[in-house]
Amino acid sequence: MYDRVTVFDTTLRDGEQSPGVRLSTDEKLEIGRALVDLGVNVIEAGFPVSSPGDFDAVRTLARELDGVQVCALTRARKADIDVAGEALSAAEDPRIHTGLGVSDNHLHYKLKMSRAEALETGVSAVRHAKRYTDNIEYFMEDSGRADREYVFRVVEAVIDAGATTINVPDTTGYMYPGEYRSLIESIRESVPNIDKAVLSCHCHNDLGMATANTLAGVLGGARQVEVAINGIGERAGNTALEEVAMALVIRRDLFEVETDINPGLLTGVSQLVSRLTGMMVQRNKAVVGANAFSHSSGIHQDGVLKDRSTYEIMAPESVGAEKSEIVLTARSGRHGLRHRLAQMGFDFTEERFEEIYEKFVTMADGKREVGAEDLRQLVAS
Ligand SMILES: [Zn+2]
């Protein structure tokens, strides 16, 4: 039996913090329902003290969603925690996500606290959150740039106070996979009461490392991943749920863990979030991009038509995408052209096919893509 990794989705909180995105409560509920169907274990629904809209969204999702933990973010302040506790009061399994910075940079410039003051503030926040739930997650903002000895002290103290999940965010997207894995491993090795809590990865994509760092954290022993659909989030975004979910499926041999995600629903949820947030998914996006299963060069088309495994490590249907697509371009060859013509119901003699192929090559040179209508013209001429 493999360990289970908890999937904590923050599309509706960190994802909604993407510049230019604003979701209504109804839209959040629609996405929330889709996330429950997808198999997400925890939904971070918002930051209730930040606005009446966020409060309303968290309260609505807490009331309406079953079979999932609904989570609210707070700062390490009693007033924030009280508002979150109220917003979550109808939840089946409410989680409060509180914490504060641990790097000297954040302590000095942002919080204006000493290390000792910050530690005490965090501990009392956890104690206060226990009035509302035993399901408490503690985030150590900017832990990627923090002093490790201090991180260990914070983790031990907040677990003693009642935190059951410890979030180790690389808030600034600064770390590399080897470093992030070693951070997770060192926490597991150095904190005496670490067996009472789950370590969680929360990685940002400023250097394109979010998925790699999250997976490195799993290899290091983290058993929760914080992710967002399509990787949306602050700045360059969060870790993409679909990438982590599929990496854990396709490379189960390496990670030896499982999640509750149903991969067949990934493409549909990706499209829903893209539509409601207005955040387009880039065509070459891993797993859910429009080109993720399209083949354009002759060499690749020939291989895929002989056997899909030559150039595809996962089947498009496995993530809910349509069939692999052969896109005809100037780089395509005879095998791809013959395949597309056959799909359109044409069957030609060798001689006639060669004529069409010659014309196709000339036409493809002047176009980005040769579509069905173009092919019909070629055949008719
Ligand atoms: Zn974040």
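**Ground rules.** I am working with a predicted model, where local features need pLDDT of at least 70, side-chain atom pairs count only at pLDDT 80 or more, and totals for chains, interfaces and linings use all residues. Residues are numbered from 1 along each chain as its sequence is written.

**Entry: strand 5.** I looked up strand 5 (residues 94–101) and found eight of its eight residues buried. Buried is 20 or more other C-beta atoms within 10 Å of a residue's own, exposed is 12 or fewer, partly exposed is in between, and C-beta atoms are placed from the backbone. Helices (H or I, at least four residues) and strands (E, at least two) are DSSP runs, numbered from the N terminus.

**Entry: its neighbours.** Which strands does strand 5 pair with? Strand 4 (residues 69–73) runs parallel to strand 5, joined by four bridges, and C71 has R95 as its bridge partner. With strand 6 (residues 136–141), also parallel, I noted six bridges; there T98 stands opposite Y138. Pairing requires that DSSP finds at least two bridges between two strands.

**Entry: the crossover.** Strand 4, helix 3 (residues 78–87) and strand 5 form a right-handed β-α-β unit: with the strands pointing away from the viewer, the path from the first strand over the helix to the second runs clockwise.

**Entry: positive phi.** I then turned to N230, a non-glycine with phi near 65°. N230 sits in the loop between strand 9 (224–227) and helix 9 (241–250), and is buried because 28 other C-beta atoms lie within 10 Å. E256, not a glycine either, has a phi of about 55°. E256 is in the loop between helix 10 (252–255) and strand 10 (257–258), and is exposed because it has 12 other C-beta atoms within 10 Å.
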